[in-house]
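Below is a short briefing on one protein model. Look over the sequence and the structure before reading on.

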Amino acid sequence: MLALLLVQFLLGIDVNLYVKIPQSLPGGLDGAVNWAIQNGPAPLPVHVILGFSLVWGALGVVGLAIAARARGWLIASGAALVGILFAAFSGVNFVSTGDDAYSFRMAIGFVIALASYGSGLIFVGSVAPTR
């Protein structure tokens, strides 16, 4: 997940610097996501699809932590999921409104997720069931 988060962050920087997104898109949030995937310049659809993949992957890590009864990993992966969801919703709002504050919020979500997974690796380590 850490590698995918870093790739996502770098794609986001590329999109922020080199992709021109229209100020307002018809269809609200759904329209913004559809436009980004179907009509956006090359890095944008990849960024969006990887974002969806990160959400599903984060849900999977939370599920694995629950199955392993690993409380430390459940806390770390739950916090990472919150960060990823925060970044995802901020990204949809950024494409929909063009407000740069949402771009900054995506970066905050990335930092939350990165710090959460990193803390899990450092402080929790291997996933061993708790009793």
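Is Phe 110 buried or exposed? Phe 110 has 12% relative accessibility, so it counts as buried (under 20% relative accessible area is buried, over 50% exposed, in between partly exposed, with a 1.4 Å probe and protein chains only). The model is predicted: local features need pLDDT of at least 70, side-chain atom pairs count only at pLDDT 80 or more, and totals for chains, interfaces and linings use all residues. Residues are numbered from 1 along each chain as its sequence is written, and side-chain values use heavy atoms, with hydrogens and water left out.

**Aromatic rings**
- There is one aromatic pair (ring centres of Phe, Tyr or Trp, the last by its six-membered ring, within 6.5 Å; planes under 30 degrees apart are stacked, over 60 edge-to-face, the rest tilted).
- The ring centres of Phe 9 and Phe 110 are 4.3 Å apart and the planes are at 15°, so the pair is stacked.
- Phe 9 is in helix α1 (residues 2-18) and Phe 110 in helix α5 (residues 100-124), so the pair ties together parts 101 residues apart in sequence (helices are DSSP runs of H or I, at least four residues, numbered from the N terminus).
- Phe 9 is partly exposed, because its relative accessibility is 33%.

**Helix α4**
- Ser 96 lies in helix α4 (residues 71-97).
- With 14% relative accessibility, Ser 96 counts as buried.
- Beyond its neighbours within four places in sequence, Ser 96 is in contact (heavy atoms within 4.5 Å) with residues including Gln 23, Leu 25 and Ala 32.

**Helix α1**
- Leu 17 is also found in helix α1.
- Leu 17 counts as exposed, at 57% relative accessibility.

How values were computed. Helices (H or I, at least four residues) and strands (E, at least two) are DSSP runs, numbered from the N terminus.
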